[in-house]
Amino acid sequence: MALVLGHRVSPTNLCSVTVVACMALVFSESVAAATKVGFIGLRHGHAWRQLSEISDIDEADFVGVAESIPGLVEAAKEIQPNARYAADYRTFVKETRPEIVWAFVENNRHLEIVEFLAPLGIHVIFEKPLAGSYADALHIRELATRHGIKVMTNYQMAWWAANHQLRRMVADGSIGKVWRLHGVVGNSGPAPRDLRRKVFFDWLTDPDANGGGALIDFGIYSATWSIWHLGLPQHVYATVSQLQPGRFPKVEDNAVFVLAYPEAVGIFEASWDLPRGFQHLEVFGLEGSLSLARDSLTIQAGRKAATAVNSAALAPVASHPVRYMIDRVTSRQPLEHIVALDLNVDAVQILEAAKVSASEQRPVQLPLPTPTRD
């Protein structure tokens, strides 16, 4: 006969009590298992959507934001009024002890962030690109390897089912031997319409803070796609132009670059001068082509009409950057596909070669010599 608080309990009631207790235990374990995630910086335009979504991710325990620009903090408090805020990210990290940090800072500060976080064993997410220079990218990888942390580079297209479907179809020979990639990525360019956008605009159009203009901002997508499908090219040739010097006096707003392979070629356009947003990739094989436009995919063989491809849905853990990073960290599995560290080091190498090519008006051979650090 079971006794609970001195009362006689029937077997049926005992089962109910047991179920409730088990549910409470499972709930408490799930709460305890949530991974602590913090944001450093709000200076990237992509930060605001993620700030509004982070509370919806059950696997994440959001510990707050480190940002020193008061106006950005006030804007963030309208979205996350109960979050913890701090001006100094070093103090913030030491007090909140996040396991993962998503840093929305200038590209040339990515290395600085990893230099501080890696010895603490804290994993890092950056918005593309991985770094503002190839030298910084190599150093980030060295620190990540030495301290056993994961460093992920985030892209919107990384979470598109159609992007992964295209990759599978290329790999299984659906269009035959792939010999040509053509990508167009861009929009009408950044504009300082309010404080949030002005902060983003100011560093995005600063060649030191960003590493360049449209070439870096949008060329990184195509460099990543090219490596994913074809590997590192042999040569890079790039041209850039400044079609709107009044808007963008310090950087190029349009770029075209060609990636040469022994039996293939990648032709890519990156622009801040387009009338609307483009994230398009077309992959040509000897037996047909695949066309990706945001999260939709079509296939075409010869002169036949293009037909839509139904993309297999991604598992929830593979469809959001925070969920994916938490899964990789807790399962101790490597980062894969276009967010992986090695691929992104090579993507930054391609952009570095493209900058040299555009400046010196010549093809640049890859791999680049290993840069020396001061």
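Reply: The second largest pocket of this predicted model is lined by 13 residues. R49, Q50, N154, Q156 and W159 are the lining residues nearest its centre. The space in this pocket amounts to about 290 Å³. Helix α2, which covers residues 47-53, supplies the largest share of the lining, namely three residues. When the lining is sorted by class, seven residues are polar, three are nonpolar and three are charged.

Rolling a probe the size of a water molecule over the atoms shows where empty space is left. The volume of the largest pocket is about 660 Å³. It is lined by 24 residues, and those closest to its centre are G45, H46, N187, F200 and F218. At least two lining residues come from each of three elements: α8 (195-204), α10 (214-230) and β13 (278-285). Of the elements that contribute, α8 gives the largest share, with four residues. By class, the lining of the largest pocket holds nine nonpolar, nine polar and six charged residues.

From open spaces, the account now turns to a covered element. Helix α5 runs over residues 110-117, and six of its eight residues are buried. The buried residues are H110, L111, I113, V114, F116 and L117. A residue is called buried here because its relative accessible area is under 20%. Which elements do the buried residues of α5 pack against? Two of the partners are helices, α4 (89-96) and α6 (134-147). The others are the strands β3 (35-40), β6 (100-103) and β7 (123-127).

Two packed helices are described by the angle between their axes and the distance between the axes. For α4 and α5, the angle is about 35 degrees and the axes lie 11 Å apart. Their crossing is right-handed. On the α4 side, the residues in contact are Y89, R90, V93 and K94, and on the α5 side they are E112, I113, F116 and L117. By class, this contact contains five nonpolar residues, three charged residues and no polar residues. Among the α5 residues that meet α4, I113, F116 and L117 are also buried.

Terms used. Residues are numbered from 1 along each chain as its sequence is written. This is a predicted model: local features need pLDDT of at least 70, side-chain atom pairs count only at pLDDT 80 or more; totals for chains, interfaces and linings use all residues. Side-chain values use heavy atoms; hydrogens and water are left out. Buried means under 20% relative accessible area, exposed over 50%, partly exposed in between (1.4 Å probe, protein chains only). Contact means heavy atoms within 4.5 Å. Axes are lines fitted to C-alpha atoms, for helices over the stretch in contact, and angles run from 0 to 180 degrees between N-to-C directions. A crossing is left-handed if the near helix is turned anticlockwise from the far one by less than a right angle, and right-handed if clockwise. Ala, Val, Leu, Ile, Met, Phe, Trp, Tyr, Cys and Pro count as nonpolar, Asp, Glu, Lys and Arg as charged, and the others, Gly among them, as polar. On a 1 Å grid over the protein atoms alone, a cavity is a set of points where a 1.4 Å probe fits but cannot get out, and a pocket is an open set with protein on both sides within 12 Å along at least five of seven lines; lining residues have an atom within 4 Å of a point. Grid points are joined across faces, edges and corners, and a volume is the space filled by probe spheres set on the points.
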